[in-house]
Amino acid sequence: MAADPGPERRRARRRRAWRTGARYALLTLGAVVVLGPLYLTVVNSLLLPSALAQRPPPLVALHPQWHDYATAWTQGHLGIYLRNSAVQTGIIVAGQLVTSVLAAYAFAFLRFPLRRSLFVVFLATLMIPFEVTIVTNTQTISSLGWYNTFQGLTVPFLATGFGTFLLRQAFLQIPRDLREAATLDGYGHLRFMLRVAVPLARPALAALGVFSFLAAWNQYLWPLLVTGSGNNVRTVQIGLKLLQGTQVSHVDVALAGTVIAVVPLLVLLVVFQKQLVRGLTGGAVK
Amino acid sequence: MSAGPVRHRTRRVRAAREAALGYALILPALCVFGAFVFYPFIENFRLALYRTAPYPGLPSHYVGLQQAAQVLSSQGFLQSLVSTVLFVVMVVPAGLVIGLVLAVAAHRALRGMAIYRTIFSSTVVTSVAVSALVFGTLMDPVVGFLPWLGLNPSPPILQNTTWALPAIAVMTIWQFLGLSFIVMSAGLSAVPEDVLEAARVDGASEVTVFWRVTVPLLSPTIFFGVVVATIYAFQTFGQVDILIGYGNAAFEHVNLLVYDILNTIEIAKTPGQAAVLSIVLFLLTLGVTLVQLRLVERRVHYGG
């Protein structure tokens, strides 16, 4: 039976090919489930309203109609909302990077009384979901006169316990000798931080930056609470809700708006996938 | 002789200066946390003791724990809590299992895997508003796909007291898949390949390898995933706001906790009651985290 290894090996090879085929079938099924809804959204956004209700539903847009995109951009004010989102996100990302670098440097390189306890205080912020604080935070924002302003949208998010933790880990990887050598060269702490520590922690900074960008851009609850009528600070996520809410008969316009809102982020994902994954799993999964 | 005290003093001055710099560097973050995390968090416990006057302009008055007891025993709260827990049960296992299966399937050095990985990660960037609009259209009774497939309950799925919550759950699972896939893949990449290979050489089937080797080795990641997913599901808000909304026929069955908090602030305008609900949300989150810490301590030490 074992005298001829030929059929045995052939059978093993066939089984392996079958397994690989099954794996690809599973992967492709998964890809259809994940991408299907987005694909159909793109197709629907390119159809005439009359074609939308057609049955069976069209799976390709043979005669793409781009005017829904123009409508979403101008009448749906998505152009303005995208700009507002860019400002809001830019402020939050920059603020989080700055405050996290400063605090993480202190926790990694400086000695001061209560350092450990204060670090625990920073970590404790991770235990309090933002949703738990909205009752008082909305009151704070309106009593500061920050309703419908970029301050109101961004100031509560200008610091992050997670970011401080992530950057502190990165700073602790920097060899102590480097700090001593820099001290001998006359570098003070601030110069060492900017010239040595920050450049060396660039991967962690990139991970935090992409993570903060994603979280800020996709915020929904807080912008809904602190922005109201008028388009001066309204973000794109709230704009999408309005597009759906006010133009019920214009599903195609709402879908065009959805595509406009999601495409920049899909580009971000493709370009910064590595940093994003590091940011999302940082600190939890090594 | 005289150098001693001087050197001693300069060292002390340098230490004081270092400490001052340390405090200065953490101060900006500490101010933000103080004003927008800790103060509102503690304020919940004070607000919960005060009842808002029925007419605007009148001061709220102290009622002690009476208000909390009233909120916690109200029909509306119990309904909201049941819906939230049901929702968690629908979303968490399904979201994690599908993410894990896709991660295992894509964890092979085969042609095209990078593309599949990007596709499976993609819903991590789709915001709740985007996801809600995408699924709202698919489930629409006129232009949607579900009705065409014969899944067209009456009243329409998003106004249906039975089906609205599962529909929101399906959308949430889809949106959560990206994060689930990324977390599971990161965990898998830490599983030593030679262990899996050894099991295969011993003649174990892929299914056996998955259940007997991959899942046990991944248990820390799976626990982490359960916590992340549960907290994520507890915080669900946007899809309910966009797809269901106040005044919907199915509203009471999809009134998840955060949505209830928002309505209590914005519509009922009773911050004291909203504070009670916020404390409940905090305790639920805390509970999940503590359970996970216990489990991880007990079960995950073998990894060394």
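These legends walk you through several close-up views of a predicted two-chain model.

Residues are numbered from 1 along each chain as its sequence is written, and chains are lettered from A in the order in which they are written. Because this is a predicted model, local features need pLDDT of at least 70 and side-chain atom pairs count only at pLDDT 80 or more, while totals for chains, interfaces and linings use all residues.

**View 1. Where chain B touches chain A.** Here 77 residues of chain B are in contact (C-beta atoms, placed from the backbone, within 7 Å) with 74 residues of chain A. On the chain B side, helix 1 (residues 3-47) gives the largest share, 20 residues; helices are DSSP runs of H or I, at least four residues, numbered from the N terminus. That side has 56 nonpolar, 17 polar and 4 charged residues. Nonpolar covers Ala, Val, Leu, Ile, Met, Phe, Trp, Tyr, Cys and Pro, charged covers Asp, Glu, Lys and Arg, and the others, Gly among them, are polar.

**View 2. A:His77 and its positive phi.** Most residues other than glycine have a negative phi. A:His77, not a glycine, has a positive phi of about 60°. Look for A:His77 in the loop between helix 3 (67-74) and helix 4 (78-109) of chain A. A:His77 is partly exposed, because 18 other C-beta atoms lie within 10 Å; the cut-offs are 20 or more for buried, 12 or fewer for exposed, and partly exposed in between, with C-beta atoms placed from the backbone.

**View 3. A:Leu114 in a loop.** A:Leu114 sits between helix 4 and helix 5 (115-124) of chain A. Its phi is positive, about 70°, although A:Leu114 is not a glycine. With 12 other C-beta atoms within 10 Å, A:Leu114 is exposed.

**View 4. B:Ala164 in the largest nonpolar core.** This core (buried Ala, Val, Leu, Ile, Met, Phe, Trp, Tyr and Cys residues joined through C-beta atoms within 7 Å) has 164 residues, and A:Tyr105 and B:Ala164 have the most contacts inside it. Helix 6 (residues 164-189) of chain B supplies the largest share of the core, 17 residues. Leaving aside neighbours within four places in sequence, B:Ala164 is in contact with residues including B:Ile157, B:Ile244 and B:Val254.

**View 5. The end of helix 6 of chain A.** The buried residues of this helix (residues 134-143) include A:Ile134, A:Val135 and A:Ile141. After the helix comes A:Gly145, with a positive phi near 70°.

Key:
Two residues are in contact if their C-beta atoms, placed from the backbone, lie within 7 Å. Helices (H or I, at least four residues) and strands (E, at least two) are DSSP runs, numbered from the N terminus.
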